[in-house]
Amino acid sequence: MSTSPKPVKKVPIHLQSAQNRVYIKNGEIVNHDKSFKADVYIEDGTIKFVGPASEITVPGGVRIIDAAGRMILPGGIDPHTRLQCPSGDAVSIDDFYGGTKAAVAGGTTMIIDCVLPSKHESLVEAYDKWRSWADPKVCCDYALHVGITWWSKSVSEEIGILSKELGVNSLKMYMAYKGLYMLSDAELLDVLERIRSLNGVAMVHAENGDIIAKNTNRLLAEGVTGPEAHELSRQEEVEAEAVHRACVLAHQMKTPLYVTGVTSKSSAELVGRARRSGYCVFGETLASSIGRSMSNVPKSERIYYITSPPIRMSAETPRQLMKSLAYDDLQVTGSDNCTFSKKQKEVGAHDFTKIPSGVNGVEDRMSLVWEKGVHQGLLDPCRFVAVTSTNAAKIFNVYPQKGRIAVGSDADLVIWNPQATRTISKQTHHHASDFNIFEGMTVHGVPEFVLVRGRICVENETVRVAEGFGRFIPMAVRPPFVYDIIEGKVQTTERSSEHHEEHQNGNLAKKYAELDILIPPQEPISAMLAGNLPMPAEGSICSTPSVRGRVDGKRDLQESSFSISEELDKSGVRACIKVKNPPGGKSSGFW
């Protein structure tokens with residue numbers, strides 16, 4: 001008996017103002033887990049339809065964008081900005097209007113800025129101050145982290161108010177800036193314990209403040225006062241030691257940890273090693289660190305590139321960090337956008353401790369990750385979406401409202417031309433600063449259209465934003481993506497049979513060979529710091545890549561933190577360095 005095919009029920013489009021309705025056709029949608037051909041219909045700032053054109057009826061009066069040959073991406077989320085930020089006697093010159101305009105111009109449709117209370121200042125009052133600066137100015141949606149710059153019973157109580165009433169689920173601690181923001185290990189433990197009790201996310205700026213203070217005093221006494229002394233005072237191992245210590249402290253308190261601004265290869269390896277040891281830790285690197293090194297910056301210009309932790313000298317570091325993003329040692333890219341003018345920077349020309357710390361990045365982050373990652377063959381487009389948008393949305397609990405193209409999600413979209421190029425320049429950027437640390441760099445990947453909650457804000461290089469259009473987005477506590485790991489529902493070492501089978505038939509070894517990736521040993525990096533192992537030679541890789549985020553979209557592997565490193569070790573591939581046991585013999589833990 002024959003049956004007639006079931007008729008397709010078409011989605012009707014309501015007759016409203018065309019300003020509120022946009023239809024995007026013929027594009028390739030790329031989410032973090034899969035890509036597929038589909039059309040998108042937006043109404044009143046929300047995605048109402050995702051699917052084939054045959055399933056929707058489009059009446060006249062709707063703004064139609066033809067995205068043929070383009071990708072439709074979730075808007076970028078930059079989880080690390082410092083707009084309008086006080087720094088000593090200076091204030092960063094990208095305020096919440098100019099900074100979010102620059103963000104939107106580059107394809108970022110949400111930022112998370114950081115409230116930085118002064119020592120002994122009320123956290124809630126500082127939060128209110130940041131909201132009063134941001135709410136009238138922001139051009140896109142935003143949220144706030146809050147820094148814990150001192151510790152007392154009142155601070156503990158205010159953390160509860162921020163978490164339960166004010167939409168803040170992430171608190172940032174500082175292991176550097178001795179005498180200003182730095183917390184002792186005992187204070188860090190107390191803060192971590194408090195954050196865990198509230199189901200929040202702990203963030204840390206990881207540099208050893210005691211070492212930096214000692215080095216700074218020594219360098220000044222020796223007459224080494226120029227900008228070159230900045231990195232000499234806070235070398236790579238100074239960052240790595242603090243990253244390791246932060247991971248251990250957070251693990252002891254069973255608190256999820258987010259390490260901000262990882263700038264070195266060894267620190268990225270430590271985060272990856274901790275994750276493979278079962279720690280709930282996430283790592284973020286920055287546009288400045290993946291976009292360039294200091295190796296080819298003239299000495300006369302280095303003062304303008306000062307940030308903390310520093311942009312590293314080695315020309316290999318940007319590629320190493322990008323590989324860490326590829327194989328999931330790191331999960332997120334931010335910008336730490338905190339711009340100053342040349343004049344503001346030059347205040348510290350003869351005393352490096354007075355140079356305000358910070359550079360641009362919020363506008364160029366997306367294109368830099370595409371250029372250094374996708375265009376150079378280290379990331380696929382799905383992983384690009386993960387590290388520029390979705391992972392941040394999940395960690396800070398705004399997913400799937402943000403970070404995904406799906407029915408019901410906010411219409412924060414980017415129509416991306418992967419083949420187009422642009423040259424970064426202070427002449428064309430939207431920052432208030434009079435220099436750009438990526439000056440003259442040509443990048444592939446251009447946002448041709450950017451929609452912020454359905455409003456077309458970028459159209460073929462024309463940027464039209466509305467001051468105050470953005471909203472504050474509360475971030476609820478207990479992000480499932482994070483707390484499922486803490487509560488044992490997901491293991492950071494969880495394996496996928498799909499990947500295991502691919503490894504078994506040799507495809508992974510071929511893939512890594514094509515990317516020029518060495519297979520690492522599994523001895524923890526902390527043993528290197530303890531002096532039991534040589535540090536890897538510059539340019540070597542001591543982690544393995546993630547092949548998640550496949551364009552074919554067979555499975556959403558981004559939901560776990562799967563690592564294939566141990567499987568690879570069983571393959572008999574020669575390790576890149578000789579391994580010894582740490583003191584006391586073998587250890588199954590992070591150490």
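Figure 1. Leave out residues up to four places away in sequence, and Leu-257 still touches Ala-202, Val-204, Ala-246, Cys-247, Ala-250, Cys-280, Val-281 and Phe-282. Keep in mind that this is a predicted model. Which residues have the most contacts inside the largest nonpolar core? They are Leu-257 itself, along with Ile-148, Val-259 and Phe-384, in a core of 88 residues. Helix α7 (residues 236–252) gives this core its largest share, seven residues. Apart from that core lies another one, with 22 residues, including Ile-77, Ile-395, Ile-485 and Val-490.

Figure 2. Eight strands line up here in the order β6-β9-β10-β11-β12-β13-β14-β15, and their pairing is parallel. Which strands stand at the edges? Look for β6 (76–81) and β15 (332–334): each has a single partner strand, so one side of each has no neighbour in the sheet. From one strand to the next, the twist averages 30°. Four bridges join β6 to strand β9 (residues 108–115) in the parallel sense, and Thr-81 has Asp-113 in β9 as its bridge partner. Helix α13 packs on the sheet, where it touches β6, β12 (201–205), β13 (257–262), β14 (281–286) and β15. The direction of α13 makes about 70° with that of β6.

Figure 3. Why does the pair tie together parts that are 371 residues apart in sequence? Because Arg-404 lies in the loop between α13 (381–395) and β16 (413–423), while Asp-33 lies in the loop between β1 (21–30) and β2 (35–43). Are the two residues buried or exposed? Both Arg-404 and Asp-33 are buried. Side chains of opposite charge can pair when their charged atoms come close. Searching the whole structure turns up 29 salt bridges.

**Figure 4. Asp-210 meets Lys-178.** In this salt bridge, the N to O distance is 2.9 Å. The two residues sit in distant parts of the chain, 32 residues apart: Asp-210 is in helix α5 (residues 209–221), and Lys-178 is in the loop between β11 (170–174) and α4 (185–197). Lys-178 is exposed, with a relative accessible area of 54%, whereas Asp-210 is partly exposed at 37%.

Figure 5. Between Glu-487 and Arg-478, the closest N and O atoms of the salt bridge are 2.8 Å apart. Glu-487 is partly exposed, with a relative accessible area of 37%, and Arg-478 is partly exposed too, at 24%. There is also a network of salt bridges that share partners, joining Asp-141, Lys-402, Asp-410, Asp-412, Arg-453 and Arg-471.

**Figure 6. Helix α10, largely enclosed.** How many of the ten residues of helix α10 (residues 317–326) are buried? Nine are, so the helix is largely enclosed by the rest of the structure. Among the buried ones are Thr-317, Gln-320, Lys-323 and Ser-324, as well as Leu-321 and Met-322. After α10 comes Asp-328, whose phi is positive, near 70°.

**Figure 7. Ser-156 in helix α3.** Ser-156 belongs to helix α3 (residues 153–165). Its relative accessibility is 17%, so Ser-156 counts as buried, the cut-off being under 20%. Setting aside neighbours within four places in sequence, Ser-156 is in contact with Trp-151 and Arg-194.

Methods
Residues numbered from 1 in each chain as written. Predicted model: local features only at pLDDT ≥ 70, side-chain atom pairs only at ≥ 80, totals over all residues. Heavy atoms only, no water. Salt bridge = Lys/Arg side-chain N within 4 Å of Asp/Glu carboxyl O. Buried < 20%, exposed > 50% of the residue type's maximum accessible area, 1.4 Å probe, protein only. Core = buried A, V, L, I, M, F, W, Y, C linked by side-chain atoms within 4.5 Å. Contact = heavy atoms within 4.5 Å. Pairing = 2+ DSSP bridges. Axes fitted to C-alpha atoms, helices over the stretch in contact; angles between N-to-C directions.
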